[in-house]
Amino acid sequence: MMTLKSQLDAYCRAFNARSLDAARALFADHALFELPLLGQRLFGGDEIAQGLARIFELTETVRLEIAAATESDRILIAEGALTAKLHRDSAAATMPAAITLQARDGKITRLATYLDARPYRLWTDGPIFAGAQA
Amino acid sequence: MSLTPEKALRAYCAAFARHADGEIEALFAEDATLDLPLYDHSIDGKPAIMQELRTALRGLKDIRVDLHHVIETGDRAFAEGVFTAEHVGIPPHVDGTPVRLDFKFVAVATLRDGKIVHWREYFDTKPLKPRERTRLYPITRRSPYWDGTVEAGVSEFMVYNHTYFPLIFHHSPSEEYTALTERVTLWDVGCERQTELRGPDAVRLADYVTTRSLAKLKVGDCKYTLACDPEGRIICDPVLIHPFKDVVWLSHGDADLTLWTRGIALHGGFDVAVREPDVAPLQIQGPKSLEMLRGLVDTPLDDLGFYKCMPAKVAGIDAVVSRTGWSGGLGYEIFPLSSDRAMELWNALVEAGRPHGLMVTGPNVFRAVEKNVTDTAYYSNSDMNPYEAGHDRLVDLDKGKFIGCDALQRIAREGARRKTVGLLVEGELPLLEWYWPITDARGRAGEVRWAVHSFALGRNIAIAVVDAAISEGEMVTIKHQTGSSRATVTALPFV
């Protein structure tokens with residue numbers, strides 16, 4: 001049985017390796033995925049995979065680092081940072097981030113990332129991952 | 001009693017929702033640190049934390065904090081929750097929907113000896129922004145400080161003198177009001193254009209185009225004045241600046257004053273050149289403006305009187321500095337003599353303001369209405385003349401011939417039909433998108449021309465032009481897009 005922390009570590013490995021298949025395999029069929037860059041909640045494997053694909057497409061590099069995590073029997077809350085360099089930018093931007101994760105039967109049922117996505121948006125302030133809104 | 005991390009975290013959230021700043025203060029250690037996405041740096045020390053939190057609380061109402069998950073580990077507590085509130089000072093949308101501040105967050109509290117020593121929150125600031133940016137088009141000019149305002153987080157412009165005017169930034173109204181009234185603010189008013197009159201007849205032409213007597217005008221003087229049309233209607237209310245011999249600038253609001261004045265000069269036999277020079281002003285407004293500018297201006301500012309100006313180098317750049325502005329308090333305007341080094345000047349001001357807590361903002365309409373320093377523009381002035389606008393003192397009927405003098409003499413003789421008054425408004429107001437009609441019990445009419453939340457008075461206020469027979473203390477009804485509101489007529493200024 002995977003612990004919540006081991007599931008978070010697995011997600012970070014898949015995310016940092018830009019591995020869509022590995023990331024998707026971690027989520028339950030009706031999982032909820034939230035990341036401010038995407039502009040909305042993504043529901044289910046297809047939407048999550050589409051959203052992650054859009055992130056990988058628009059970023060030259062992207063990395064999620066976990067500094068500390070704590071968990072109860074229901075939820076894990078972790079602190080860390082997201083570093084991303086978009087193709088349009090000349091340098092990467094790092095923002096403090098927190099992640100909450102819940103799981104059932106060895107699959108992630110909810111993963112929410114909290115960060116201020118301001119540096120990653122266009123100056124016109126629209127959601128940059130417009131494809132995920134379709 | 002010493003609090004556990006979880007109890008402290010819950011107590012903070014509950015106190016925040018109740019606006020109980022005293023209870024929040026008691027939770028923090030003296031050397032505590034606050035980290036929020038709203039600020040680019042940590043806020044260190046209980047006094048600084050409380051100053052920020054009190055400003056935040058002043059700008060919010062109907063706060064609710066729901067904690068969905070709380071975990072305690074050693075000296076720390078982690079929580080995931082939802083924050084909901086309404087903005088104070090941002091009117092509801094046109095359909096009456098309040099402007100809300102709702103977001104999900106993670107909060108982490110670290111305790112030492114029962115006190116919070118570190119409070120950190122994680123959330124996306126996008127839902128906190130009042131509005132999206134407007135769409136932009138090249139047919140409208142940009143100020144030379146454009147890059148600076150983008151860097152500072154501008155989110156909405158208006159078009160003013162055919163130029164984008166940065167008005168809304170990524171701050172709450174209460175943050176900007178606090179910065180203006182307690183610290184210092186920098187405004188890009190490059191859209192505030194100068195109608196330059198240069199030549200032997202510069203003062204004579206200015207005297208003919210505007211309503212105040214310039215007989216005693218000296219180099220270094222500024223005057224708030226009016227330009228009227230032949231019917232006595234206000235075209236605009238410029239600040240007249242006399243920075244050099246034979247040079248007058250009419251620093252004007254949203255009106256084609258240069259075209260108007262140039263036409264008059266061409267056919268009026270004045271020995272003068274009229275043009276719009278490359279002079280894009282900046283305003284530095286707030287109680288710390290003098291302190292901030294001292295090190296940047298090569299000429300002592302302390303003796304510069306109200307409505308006086310002087311040539312000076314600001315950050316090594318040739319400029320005219322005046323003690324004028326739109327805040328109703330201490331403030332200065334800088335008029336660089338060219339835009340070639342505009343961003344160099346901007347950056348120097350931002351840097352000089354950093355130790356004083358400078359905030360880049362637009363002009364603060366909340367304070368302008370409280371202080372009754374609003375302006376009037378030709379295309380939206382509802383045919384207002386100076387007497388109706390409360391500007392009697394700005395008209396010198398005996399000074400000799402000037403544009404509008406015949407009409408203004410007649411109006412002065414017969415008495416104005418309307419007058420400008422303050423309104424203390426009951427309840428909430430939507431955004432003033434166009435002037436709201438006013439009636440009273442006897443059917444007398446008027447219209448609201450400005451409406452804001454007053455942070456000084458803690459209520460909504462408005463400025464209106466009404467039937468001259470309406471008196472202070474009378475009740476009127478304002479009709480607006482979400483219904484109607486009652487208001488009491490009062491004197492100006494409000495504070």
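**Strands, cores and contacts**

Mentor: Strand β1 (residues 28–35) of chain B and strand β6 (residues 115–122) of chain B run parallel and are joined by four bridges. This is a predicted model, in which local features need pLDDT of at least 70 and side-chain atom pairs count only at pLDDT 80 or more, while totals for chains, interfaces and linings use all residues. Residues are numbered from 1 along each chain as its sequence is written, and chains are lettered from A and ligands numbered from 1 in the order in which they are written.

Trainee: Why are β1 and β6 of chain B said to pair?

Mentor: Two strands pair if DSSP finds at least two bridges between them. Four bridges join β1 to β6 of chain B, so the two strands pair. Within this pair, B:Asp35 stands opposite B:Arg120.

Trainee: What makes β1(B) and strand β2 (residues 43–44) of chain B a pair?

Mentor: Two bridges join them, which meets the requirement, and therefore they pair; they run antiparallel. B:Leu34 stands opposite B:Ile43 in β2(B).

Trainee: Why is β2 (residues 43–44) of chain B called a strand?

Mentor: Strands are DSSP runs of type E with at least two residues, and helices are runs of type H or I with at least four, both numbered from the N terminus.

Trainee: What makes a set of residues a nonpolar core, and how many residues has the largest?

Mentor: A nonpolar core is a set of buried Ala, Val, Leu, Ile, Met, Phe, Trp, Tyr and Cys residues joined through C-beta atoms within 7 Å. Buried requires 20 or more other C-beta atoms within 10 Å of the residue's own (exposed: 12 or fewer; partly exposed: in between; C-beta atoms placed from the backbone). The largest core has 103 residues, and B:Ile284 is one of those with the most contacts inside it. This core draws at least three residues from each of domain 2 (146–192 + 279–367) and domain 3 (194–275) of chain B, bounds that come from an automatic or database domain assignment. Another core, of 72 residues, lies apart from it and includes A:Ile55 and B:Phe83.

Trainee: How do you know that residues of chain B and chain A are in contact?

Mentor: Contact means that C-beta atoms, placed from the backbone, lie within 7 Å. By that test, 18 residues of chain B are in contact with 20 residues of chain A. β3 (60–73), β4 (76–87) and β5 (103–112) of chain B each give two or more residues to this side. It divides into nine nonpolar, four polar and five charged residues.

Trainee: How many residues of domain 2 and domain 3 of chain B are in contact?

Mentor: Here 13 residues of domain 2 are in contact with 10 of domain 3. On the domain 2 side, the largest share, three residues, comes from β18(B).

Trainee: What is the pLDDT over residues 123–134 of chain A?

Mentor: pLDDT, the predictor's confidence in each residue from 0 to 100, stays under 50 there. Where pLDDT is low, the predicted coordinates should not be read in detail. For chain A as a whole the mean is 85, and 86% of its residues reach 70 or more.

How values were computed
Two residues are in contact if their C-beta atoms, placed from the backbone, lie within 7 Å. Ala, Val, Leu, Ile, Met, Phe, Trp, Tyr, Cys and Pro count as nonpolar, Asp, Glu, Lys and Arg as charged, and the others, Gly among them, as polar.
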